[in-house]
Amino acid sequence: MWRFVTDFHHPVHLHLNHFQVLSRNGGPPGPFDAGWKDTVDLRPAEAVELAVRFTDHVGTFMLHCHNLEHEDMAMMGDFVTV
Ligand SMILES: [Cu+2]
């Protein structure tokens, strides 16, 4: 389970596996959160919890903001599956 918290609008994209949104701002997910996702939209001061399972590949993968200006400013990170 991962938790994303933001102070700005970020559509966060996770590579490798899809995920499901478990909660938004401490409450239930919104209707727009239903289903399997590869990107979750976070508005300023929002928090989401999501469930993701990495079972198919081992290695280093990335997550990043899908806002192009943010990508250009290197708003990216990586994670390692084992
Ligand atoms: Cu962003």
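Predicted model: local features only at pLDDT ≥ 70, side-chain atom pairs only at ≥ 80, totals over all residues.
Let's take the network one link at a time. Between Asp33 and Arg24 there is a salt bridge whose closest N and O atoms are 2.8 Å apart. Glu46 also meets Arg24 through its side chain, in a salt bridge of 2.7 Å from N to O. Glu46 sits in the loop between β4 (39-42) and β5, while Arg24 belongs to strand β3 (residues 19-24), so this pair ties together parts that are 22 residues apart in sequence. Arg24 has a relative accessible area of 9%. Since buried means under 20%, Glu46 is buried as well, because its relative accessible area is 14%.

Now let's move to another salt bridge, one of the 4 that the structure holds. Here the side chains of Glu49 and Arg3 meet, with 3.8 Å from N to O. Glu49 lies in strand β5 and Arg3 in strand β1 (residues 2-5), so the bridge ties together parts that are 46 residues apart in sequence. How accessible are the two partners? Glu49 is partly exposed, with a relative accessible area of 23%. Arg3 is exposed, at a relative accessible area of 55%.

A pair of aromatic rings is described by two things, the distance of the centres and the angle of the planes. The structure has 5 aromatic pairs. In one of them, the rings of Trp2 and Phe54 have centres 5.9 Å apart and planes at 50 degrees, so the pair is tilted. This pair links distant parts of the chain, with Trp2 in strand β1 and Phe54 in the loop between β5 and β6, 52 residues apart. Trp2 is partly exposed, with a relative accessible area of 24%. Phe54 counts as partly exposed too, at 22% relative accessibility.

Phe61 and Phe79 form another aromatic pair that is tilted, with 6.2 Å from centre to centre and 35 degrees between the planes. Phe61 is in strand β6 and Phe79 in strand β7 (residues 76-81), so to speak two distant parts of the chain, 18 residues apart, linked by the pair. Phe79 counts as buried, at 10% relative accessibility. Which residues do the ring pairs bring together? They link Trp2, Phe4, Phe54, Phe61 and Phe79 into a cluster.

For a last stop, go back to the loop that holds Phe54. Where does His57 sit? His57 has its place in that loop, between β5 (47-52) and β6 (59-65). His57 is partly exposed, with a relative accessible area of 46%. Leaving aside residues up to four places away in sequence, His57 touches Leu16 and Thr81. Leu16 is 41 residues from His57 along the chain, and the C-alpha atoms of the two are separated by 8.1 Å.

Methods. Residues numbered from 1 in each chain as written. Heavy atoms only, no water. Helix = DSSP H or I, 4+ residues; strand = E, 2+ residues; numbered from the N terminus. Buried < 20%, exposed > 50% of the residue type's maximum accessible area, 1.4 Å probe, protein only. Contact = heavy atoms within 4.5 Å. Phe/Tyr/Trp six-rings, centres within 6.5 Å; stacked < 30°, edge-to-face > 60°.
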